[in-house]
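Here is a short tour of one protein chain, written for someone who likes to know the cut-offs behind each term. Have the viewer ready and follow along.

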Amino acid sequence: VKIFLDANAEIRARRRHAELVEAGETIEIATVLADVMARDERDSVNTKPAEDAVVIDSTKLTIPEVFEKAVQLITSVIEAGQISYKSDHSGHADPL
């Protein structure tokens, strides 16, 4: 299952700014946004979802909500028989 996580630049900048402030850094949100947008521009050539990837837009989602969406997607693919897995009972699952 291929998942491509996406969110708009402003939200990603706010999230990154909060992380930096929590880590004790003093930085303006405008600076973080400019960095995010510059990285987006650089990455736009190479960072695109695969044709068979499902895009999850996390702009309005919390981390637990994104996780739940991903789990639901993977579960639905397994239940539909599109992939199968075997378990070695160690908590790891390997695709067949």
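## Salt bridges

Let's begin with Arg 16 and Glu 19, which form a salt bridge whose closest N and O atoms are 3.0 Å apart. The term stands for a side-chain nitrogen of Lys or Arg within 4 Å of a carboxyl oxygen of Asp or Glu. Arg 16 and Glu 19 are separated by about one helical turn, because they sit three residues apart in helix α1. Helices here are DSSP runs of H or I with at least four residues, strands are runs of E with at least two, and both are numbered from the N terminus. Arg 16 is partly exposed at a relative accessible area of 40%, and Glu 19 is partly exposed at 46%. For these labels, buried means under 20% relative accessible area, exposed means over 50%, and partly exposed lies in between (1.4 Å probe, protein chains only).

Before going on, a word on the source: this is a predicted model, in which local features need pLDDT of at least 70 and side-chain atom pairs count only at pLDDT 80 or more, while totals for chains, interfaces and linings use all residues. Residues are numbered from 1 along each chain as its sequence is written, and side-chain values use heavy atoms, with hydrogens and water left out.

How many salt bridges does the rule give? The count comes to three. Another of them joins Asp 40 and Arg 12, with 2.4 Å between the closest N and O atoms. Asp 40 belongs to helix α2 and Arg 12 to helix α1, so this pair ties together parts that are 28 residues apart in sequence. Both partners are partly exposed: Asp 40 has a relative accessible area of 28%, and Arg 12 has 23%.

Asp 52 and Lys 2 also meet through their side chains in a salt bridge (3.1 Å, N to O). Because Asp 52 lies in the loop between α2 and β2 and Lys 2 in the segment before β1, the pair ties together parts 50 residues apart in sequence. Lys 2 counts as partly exposed, at 43% relative accessibility.

## Helix α3

Now turn to α3, residues 63-79. Its 17 residues should span 24 Å at 1.5 Å a residue, and its end C-alpha atoms are 24 Å apart, which agrees; the expected span is 1.5 Å times one less than the number of residues. Val 66, Ala 70, Leu 73 and Val 77 are buried in this helix. They lie on the same side of α3, because they cover an arc of only 60° around the axis, taken from the directions from the helix axis to the C-beta atoms.

What do the buried residues of α3 pack against? Their partners are β1 and β2 (54-57). On the face turned away from the buried side are the exposed residues Pro 64, Phe 67 and Glu 79. After α3 comes Gly 81, with a positive phi near 80°.

## The loop at Ile 27

Ile 27 is placed in the loop between α1 (9-22) and α2 (29-43). At 23% relative accessibility, this residue counts as partly exposed. Apart from neighbours within four places in sequence, Ile 27 is in contact (heavy atoms within 4.5 Å) with His 17, Leu 20 and Val 32. Ile 27 and His 17 are ten residues apart in sequence, and their C-alpha atoms are 7.5 Å apart in space.
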